[in-house]
Every structure is written in C-alpha cells, then in structure tokens.
Amino acid sequence: MGIFKIEGGIRLKGDITPQGAKNEALQILCAVLLTPEKVTINNIPDIIDVNKLITLLGNLGVKIQKNGSGSITFQADEVNVGYLETEAFKKEGGSLRGSIMIVGPLLARFGKGYIPKPGGDKIGRRRLDTHFEGFINLGAKFRYNREDHFYGVETDGKLKGAYMLLDEASVTGTANIVMAAVLAEGTTTIYNAACEPYLQQLCKMLNSMGAKITGVGSNLLSIEGVDNLGGCEHRILPDMIEIGSWIGLAAMTRSEITIKNVSWENLGVIPNTFRKLGITVEKRGDDIYIPTHENYEIKTDIDGSILTIADAPWPGLTPDLLSIILVVATQAKGDVLIHQKMFESRLFFVDKLIDMGAKIMLCDPHRAVVMGHNFESQLKATTMSSPDIRAGISLLIAALSAKGTSTIQNIEQIDRGYERIDERLRAIGANIIRE
C-alpha cells in the first residue's frame with residue numbers, strides 16, 4: 001500500500017487542466033460492446049477504475065489499440081461471452097462498481113449479461129434494482145445466485161421496447177437501460193431518467209453510432225430501437241468532480257489557480273455552490289480563475305438562517321462534491337449544514353478532520369454542521385487513511401492546508417479517481433511525496 005507525505009501550509013500557484021471525466025468514461029467504455037465496428041475514445045483518464053474496466057473489456061475479447069495519450073480505439077467484433085461465466089470474471093468484475101454497465105450492452109447484442117456483485121467505494125448501500133427492473137421491463141429474464149452473489153439477465157430473442165417509470169433517477173441505471181434499449185424492437189420510454197452531462201454524452205455518442213434517442217438532457221427519454229450500431233469517435237468531458245476539487249484546494253490553501261478548459265456549460269450549479277461559501281469563482285473564457293483568498297465567508301439564506309448544502313439529482317449538486325465542500329467549509333467564516341442524502345456512510349471520514357482541529361458536529365449518518373475557523377486556527381497535520389475516492393481527496397486538501405507534515409495511507413483509493421495527482425500538485429508548488 002502506498003502513502004502520501006504532504007507538507008502543508010504552502011501556497012500554490014499556476015494552471016491545472018482537469019482530466020477526462022471518470023464517471024463518463026465508465027459508461028462510454030461499456031458502450032463499445034454495442035457494435036462490431038471500431039470506436040475511438042479520446043480524453044480517457046489514466047486512473048485505476050478506468051484501467052480496470054479497459055482490462056476487463058480486453059479479457060472479453062475486445063481489441064484495444066492505444067493511439068496516444070488518452071486516446072484508444074476499441075473493436076468488439078470477437079466478443080467472448082463465455083468469459084462471463086468464468087471464475088476469473090467473477091473476481092475481476094466484482095472489484096469494480098462500473099462493471100455493472102457491461103450488462104446492458106451484452107444483453108442487447110448477445111442476449112445475456114452476467115455480473116458479480118460489484119465493488120467500489122464503501123459509502124453505503126448502492127442498489128442495483130433500477131438496472132435489473134429496467135432489463136425485465138424490456139423482456140429479459142432475471143436470475144440471481146445467492147451463494148456467489150452473481151446476477152444475470154437473459155433473453156431468448158430480441159428485447160422489446162417498453163414504457164418505464166424508474167424508481168430512482170440512477171445515473172448508471174439509466175445508462176445501462178439506454179444501452180439495452182437502443183437495439184430493442186420498438187420504442188422505449190424512460191421517465192425519471194437521469195440527465196447528468198455524463199448521461200447526455202452517452203446518448204450523443206450512441207446517436208452518432210446510429211441510435212435514435214430523443215429527449216437528451218431531460219428526464220424523459222424516448223428510444224426507437226435500431227437493428228445495429230456503427231463505429232464513431234467520441235471525446236470525454238473534463239471531470240466536474242476534479243474541477244470542484246481544484247476550486248476547493250485553491251480556497252483552502254489560499255492559492256491563485258487557473259483551471260483550464262472546464263466546459264462551463266456542463267458545470268451546472270457547481271460554481272455557484274462554491275460562491276455560496278464565499279469563494280470567488282471567475283469565468284475567463286472556458287477557464288476558471290480562483291484568486292488568492294485571505295478568507296471567505298459563508299452566505300446565509302435570505303431570512304438569515306444557516307446555509308444548507310445538499311446533494312440532489314442533476315441539475316442539483318452531485319453527491320461526489322459534498323466531501324470536498326465540507327472540508328473547504330472548515331476554514332470559512334460562518335456555519336453550514338452539509339446534508340448527504342444519497343449515501344449513509346460518506347460523512348464518516350469527518351472524525352479525521354476533527355482530529356486535525358476542525359469544528360464539525362456529525363448530527364447523524366447523513367448530516368454534519370461545520371463551524372468554520374476563518375483561518376484563525378490552522379488545521380494540524382496528522383496520519384490518516386483514505387476510506388473512499390472523494391473522502392481521500394478531501395483529506396488531501398486538508399493536509400495541504402494544515403500545519404506540519406501529514407501522512408495519508410491507502411492512497412490507492414485516491415488513485416482510483418485522480419490521475420497522477422501528486423505529479424500535478426507538485427507542478428503548481430505542492431510538497432507531496434509518494435512512497
């Protein structure tokens with residue numbers, strides 16, 4: 001297991017370019033299974049979770065040609081569906097949450113798809129019901145082996161289009177159902193569909209391959225099934241979670257940072273959410289400029305009551321940013337209530353921030369009140385371990401702002417979502433060493 005050693009309290013300066021979006025990449029990569037033709041994907045992030053999925057695709061028989069940094073051409077013309085029933089696949093597929101999204105494309109094209117219970121972050125219960133209920137609505141038969149925690153869906157013929165009202169606006173669930181429906185007979189209507197930019201990107205890519213999807217960007221999707229899809233070339237958006245991470249880093253370390261090529265039109269409420277914390281987020285072309293902050297003050301609601309920041313389905317705030325917003329609030333002037341609605345274990349890392357001197361009251365598994373120091377008391381360096389990707393980057397931001405040298409263990413969790421994070425931080429002046 002690797003560790004980071006971080007000397008905190010150093011002001012950073014310079015430009016940083018966000019990587020390709022992890023959550024989009026996991027969807028887009030699964031979609032290459034829908035066609036035997038070549039699909040070229042650009043701006044792929046070089047991170048553990050994405051690389052695991054690429055390896056899985058290769059083991060399924062997908063041909064993989066690396067074209068250069070972040071660009072790969074895939075061709076799924078000789079897929080080995082039998083690999084899905086091997087012990088090797090059970091182990092491999094179970095280590096990655098995103099592997100669930102291979103099921104929809106495989107079911108649509110080959111009539112069956114299997115997956116072991118997926119892994120990923122330990123951030124609470126993460127239901128798979130939306131995925132499989134959608135497949136059943138399209139005519140698939142569901143089976144589940146309790147002993148092996150192995151899920152499967154099969155169909156004797158082609159899937160049939162259907163109307164469905166999703167029980168939750170699951171991003172991965174919507175993506176999986178869309179990928180199954182594009183090759184189904186007839187028209188599929190999905191109401192309460194997720195409409196995050198990543199899902200919009202998937203739909204745009206599928207349409208460029210010959211799919212017929214309308215309503216993209218709304219929560220009501222209509223999919224007219226086609227007989228087959230062709231190849232395409234697609235570019236992944238910059239990662240909005242990483243962009244939010246850099247905004248938080250700049251504020252906490254009192255640094256002047258420019259975040260390059262952020263795709264402003266796809267950031268939604270993220271810039272304004274940081275502005276509610278008192279952080280200056282300036283638009284310069286397609287860049288974000290964060291000036292040096294000597295302090296920043298949390299805004300109250302119109303009636304003067306404490307600000308609440310909560311996650312919500314798009315266009316609400318993504319839950320992946322709440323850990324970062326929480327740590328940034330520890331040095332703000334004022335108080336804020338952080339309400340993590342989606343995952344019941346994601347706030348449990350706050351004990352590590354309290355050990356560093358942060359003033360946080362954990363109300364219950366979903367809510368925490370942060371009472372900011374206004375930089376009157378610096379966080380203290382400590383030794384800690386990263387429990388999940390977003391808590392990991394939040395602890396790293398805390399360590400970069402703290403007094404003294406901190407150690408973060410289990411940094412593989414951070415590497416799952418952030419590309420060469422230590423190298424990129426050193427490029428703007430951070431003192432961080434990987435051991």
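Strand 3 (residues 38–42) and strand 5 run antiparallel and are joined by 4 bridges. Keep in mind as you look around that this is a predicted model. The points below start with its neighbours and then turn to a pair of helices.

**Strand 5 and its partners**

- One place to look is Lys 66, whose bridge partner in strand 5 is Ile 72.
- The hairpin of strand 4 and strand 5 has 2 residues between the strands, and Gly 70 takes a positive phi near 75° there.

**Side chains of strand 5**

- In a regular strand, side chains alternate between the two faces of the sheet.
- Here, Ser 71, Thr 73 and Gln 75 point one way, while Ile 72 and Phe 74 point the other way.
- Residues on both sides of strand 5 are buried.

**Helix 1 with helix 2**

- The axes of helix 1 (residues 22–31) and helix 2 (residues 48–59) come within 10 Å and cross at roughly 5°.
- With an angle under 35 degrees, the two helices are therefore roughly parallel to each other.
- Helix 1 makes the contact through Lys 22, Ala 25, Leu 26, Leu 29 and Cys 30, and helix 2 through Asp 49, Val 50, Leu 53, Ile 54 and Leu 57.
- Of these contact residues, 8 are nonpolar, 2 are charged and none is polar.

Note on methods. Residues numbered from 1 in each chain as written. Predicted model: local features only at pLDDT ≥ 70, side-chain atom pairs only at ≥ 80, totals over all residues. Heavy atoms only, no water. Axes fitted to C-alpha atoms, helices over the stretch in contact; angles between N-to-C directions. Parallel < 35°, antiparallel > 145°, perpendicular 65-115°, else oblique. Contact = heavy atoms within 4.5 Å. Nonpolar A, V, L, I, M, F, W, Y, C, P; charged D, E, K, R; others polar. Buried < 20%, exposed > 50% of the residue type's maximum accessible area, 1.4 Å probe, protein only. Pairing = 2+ DSSP bridges.
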